[in-house]
Each structure stands twice: as C-alpha cells, then as structure tokens.
Amino acid sequence: MAYQLPPLPYPYDALEPYIDAETMRLHHDKHHQAYIDAVNKAIEPYPQFANIIIEDLLRHLNDVPEEIRTTVRNNGGGHANHQFFWKVIGPPNGGRPAGALAESITRDFGSFDAFQSQFTDAATKHFGSGWAFLVVDPPTKKLEIMTTPNQDSVLLHGKPGLLACDVWEHSYYLKYQNRRPEYLKAWWNVVNWPVVSSRYEHFLEGKQQL
Ligand code: MN
C-alpha cells in the first residue's frame, strides 16, 4: 500500500498567530504531499517495500536498492520528517517540558533556557534548507541537538527524535520572509511539550516510535 498523507491533527489556523493558516495549508497539503508522491513513485516497482513503514526504510536505507536510495532518503525523509513535525507542534498552550524530559534537559544542557538558546542557535545558523532536532543518543542516553541538511532524517543516524523544527523557507517565508530568527522565536510557542515528553518516556521504556 502506498504511503498516504496523514491528516493534520488540528485545524490549519490552530497555530495562529505564530504560524499562519496559509503556510500550514501549503506546507501540509502541497509540500508534504509532494514528498509522499515522489517516494511512492520510487518504490512502486518494489513490492517488497509495500508494507514497510517509512521510518523503517530510513533506518535501513542501505538495504534499499541503489537506484532509488537517494529518492527514498530525500522524499521518504521528507515524508517522515513532516509526519514527525506535525505531531510535536500544536495549538499554543504555554507548556514546558515536564517529568523525566525536564530533568534530563537540565542534566544535559544545564537548564531549559540554555537548551532553548542552544537549539535556537543551531536552527538559526544551519545553512540552507534542513532541520533542527532534539534527539537521544542511544548508547549514552544523553540528549543532543543536531541539525540535518535537506530532508535527512535523524533515523539515518540511528538517533530517535524527540522534537523537530523545520527550517526550510517554505515553513516560514509567507509570514516571516527571510527572517528565520523571528520564525524560530514564534515557533517555540507551538511546541507540544506533552507529546515531546511522552516520546522521551517511550524511549526510556524501550519502545520504538515513529
Ligand atoms: Mn517542510
């Protein structure tokens, strides 16, 4: 079965005024859909991939035939990254990380403010299109900030993602034009910390997640 666009889990205007409805509509309906269409076309001749979730294809990218590997990396990555992104943002609720995640952020970054400032810095300075992530390093169980170019998934690096921030211009250009720092400042207001915290708890419990 071909991959399908998951419905946005909230209305297009739910992130206003931080992220505008028109950006959300284009980003979800057009950009995300385009990644899905491209990866579906690439894997169509390979029925062995028909029932494999995109995250597993990315975790085992070297098992994907070479002739479609780059397409799966870019467009399959685009599908997985956006699917992840829609879940970890949501209507502004003024929340903060809680529980184990809050404790580990303090342990690994010194404080929540220090984490937020390092993440913003990495996302601001990332050159060109790409993503900023909060991930867990499985061997050490430490939290790390990483950025990836293009649509590279953190799964290519074997690191489960907790939080994702899209820094492609299509995420912010309509409202913020070239002002990525303004978009990032606004973006923190729509982070869905309960979801991010529960992703971390799942990791600690040894559950694999998407
Ligand atoms: Mn995007």
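What follows is a conversation about the fold, the core, the aromatic rings and a few backbone details.

Student: Before we start, what kind of model is this, and how are residues numbered?
Tutor: This is a predicted model, in which local features need pLDDT of at least 70, side-chain atom pairs count only at pLDDT 80 or more, and totals for chains, interfaces and linings use all residues. Residues are numbered from 1 along each chain as its sequence is written, and side-chain values use heavy atoms, with hydrogens and water left out.

Student: OK, how many helices and strands are there?
Tutor: The chain has 8 helices and 3 strands, where helices (H or I, at least four residues) and strands (E, at least two) are DSSP runs numbered from the N terminus. Along the sequence they come in the pattern α-α-α-α-α-β-β-β-α-α-α.

Student: And what is the radius of gyration next to that of a compact globule?
Tutor: The chain has 17 Å, which agrees with the value near 17 Å for a compact globule with 210 residues; the radius is taken over C-alpha atoms, and the globule rule is 2.2 Å times the number of residues to the power 0.38. Along its principal axes the C-alpha trace spans about 50 × 40 × 30 Å.

Student: What share of the residues is buried?
Tutor: Of the 210 residues, 48% count as buried, meaning under 20% relative accessible area, with exposed being over 50% and partly exposed in between (1.4 Å probe, protein chains only). Among contacts (heavy atoms within 4.5 Å) between residues at least 6 apart in sequence, 68% join residues at least 24 apart.

Student: Which residues touch the most other members of the largest nonpolar core?
Tutor: Those are F115, L163 and W187, in a core of 45 residues; a nonpolar core is a set of buried Ala, Val, Leu, Ile, Met, Phe, Trp, Tyr and Cys residues joined through side-chain atoms within 4.5 Å. Among the elements that each supply at least two residues of this core are α3 (66-88), α5 (112-125), β2 (142-149) and α8 (193-204), while the largest share, 6 residues, comes from β1.

Student: Switching to the aromatics, how many pairs are there?
Tutor: The count comes to 19 aromatic pairs, where rings of Phe, Tyr and Trp (its six-membered ring) pair if their centres lie within 6.5 Å, and planes under 30 degrees apart count as stacked, over 60 as edge-to-face and the rest as tilted. One of them is Y35 with W168, an edge-to-face pair at 6.5 Å centre to centre and 80° between the planes.

Student: Where do those two sit in the chain?
Tutor: Y35 is in helix α1 (residues 21-43) and W168 is in the loop between β3 (161-166) and α6 (173-176), so the pair links distant parts of the chain, 133 residues apart. Y35 is buried, with a relative accessible area of 10%.

Student: Why does the pair of W131 and F133 count as stacked?
Tutor: Because the planes of W131 and F133 lie at 15°, the pair is stacked, with the ring centres 5.9 Å apart. W131 is buried at 0% relative accessible area, and F133 is buried, likewise with a value of 0%.

Student: Which residues do ring pairs link into a cluster?
Tutor: The cluster is made of F109, F112, F115, F119, W187, W188 and W193.

Student: What does I145 contact, then?
Tutor: Leaving aside neighbours within four places in sequence, I145 is in contact with F109, F115, Q118, F119, A122 and F133. I145 lies in strand β2 and is partly exposed, with a relative accessible area of 22%.

Student: Now the backbone: which peptide bond is cis?
Tutor: The bond from E16 to P17 is cis, with omega near 0°, and P17 is placed in the segment before α1.

Student: What about phi at N150 and Q177?
Tutor: N150 is not a glycine, although its phi is positive at about 55°; N150 is found in the loop between β2 and β3 and is partly exposed, with a relative accessible area of 42%. Q177 has a phi near 50°, a positive value in a residue other than glycine; Q177 is in the loop between α6 and α7 and counts as partly exposed at 30% relative accessibility.
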